[in-house]
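Hello,

Here is the structure for you to open. My notes on what turned up follow below.

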Amino acid sequence: MVGVVYKSTGSWYTVKTEEGNFYECRIKGKFRLKGIKSTNPIAVGDVVEFDVEQIAEETNAVITKIRDRKNYIVRKSVNLSKQTHVIAANLDVVFLMVTLNNPPTSTSFIDRFLVTSNAYEIPTVLLFNKIDTYNEEELLEIKYLAALYRQIGYECIGISAKIGKNIDKVKELMQGKISMFSGHSGVGKSTLINSIEPKLDLRTAIISQQHLQGQHTTTFAEMFDLDFGASIIDTPGIKGFGIVDMEKEEIGDYFPEFFKLKNNCKFNNCLHTDEPKCAIKDALEKDEIAWSRYKSYMQMITGEEEHYRTDIHNKK
């Protein structure tokens with residue numbers, strides 16, 4: 001039988017068939033031994049083949065094969081830095097939710113996420129949430145950021161999951177697609193999904209005032225089918241986002257504004273650090289490339305870990 005993984009708890013996988021039937025499946029140990037360095041060999045969104053055995057009154061379903069993925073979002077595992085964690089697979093669009101504060105989202109986090117989604121060719125939309133809570137100065141900050149990322153080519157939407165602002169625009173982009181919402185804990189993913197489809201009634205929690213971090217309300221990734229012909233994958237909040245499986249020479253290619261200029265660099269293998277006649281550094285000096293983006297790039301190629309608590313707006 002063939003189906004799509006709708007929920008993963010690490011040991012059990014809920015799989016939905018084309019006929020709309022759900023099966024609770026396990027995996028055979030061999031999946032963990034095939035050189036897959038991921039902490040989770042199967043992710044929500046995976047298309048899998050499985051066998052069903054009826055033993056007495058018990059149905060035993062075992063996944064036997066994972067079909068090739070068209071894409072996936074991956075990050076470094078939190079506890080085992082040499083391993084990776086596949087967040088979701090076979091996505092049509094991913095929405096990265098950003099909040100200026102409560103909790104703060106750094107440009108470093110945004111850029112690492114965008115580099116990864118770009119590397120795996122997943123269209124990404126930035127949702128600037130909680131715009132109903134910002135003062136005039138903070139709204140200007142959001143507008144600056146949105147303009148920065150729009151100029152690069154990313155779609156940006158200012159939303160309020162709480163009061164429903166621009167939710168119709170988000171639904172339009174989700175129509176007929178498998179979407180994923182991602183971002184730090186507390187940015188409002190569950191609130192937004194509830195606003196889009198109230199009958200799901202996902203659990204939400206208040207922000208921890210002590211650390212301005214969200215409480216984890218989503219423990220496992222899970223896919224939901226929505227009434228308006230869309231499917232969504234809800235994922236646990238991400239604290240940090242370490243990029244994986246990339247040589248430092250290729251990281252710049254996943255910054256669209258760098259990629260556009262790289263042929264103008266004097267050297268083909270220019271890393272845009274200390275090399276002479278570097279088109280990226282020239283553009284940086286002319287303020288044609290954002291300093292926050294260049295700073296993120298330098299962190300990535302030097303292997304520096306992300307600073308979770310940096311300001312969202314890092315100018316020169």
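Pro 103 sits in the loop between strand S8 (93–98) and helix H1 (107–119). Helices (H or I, at least four residues) and strands (E, at least two) are DSSP runs, numbered from the N terminus. The peptide bond from Asn 102 to Pro 103 is cis, with omega near -5°.

This is a predicted model: local features need pLDDT of at least 70, side-chain atom pairs count only at pLDDT 80 or more, and totals for chains, interfaces and linings use all residues. Residues are numbered from 1 along each chain as its sequence is written, and side-chain values use heavy atoms, with hydrogens and water left out.

Most residues other than glycine have a negative phi, and most peptide bonds are trans. Asn 90 is not a glycine, yet has a positive phi of about 55°. Its place is the loop between strand S7 (84–89) and S8. Lys 277 also has a positive phi, near 50°. Look for Lys 277 in the loop between helix H6 (256–261) and helix H7 (279–285).

Now the inside. Buried means under 20% relative accessible area, exposed over 50%, partly exposed in between (1.4 Å probe, protein chains only). A nonpolar core is a set of buried Ala, Val, Leu, Ile, Met, Phe, Trp, Tyr and Cys residues joined through side-chain atoms within 4.5 Å. The largest one has 47 residues. Val 15, Ile 63, Leu 126, Phe 128, Tyr 149 and Met 180 touch the most other members. Helix H2 (residues 136–152) gives the largest share, six residues. A second, separate core has 22 residues, including Val 125 and Leu 200.

Best wishes
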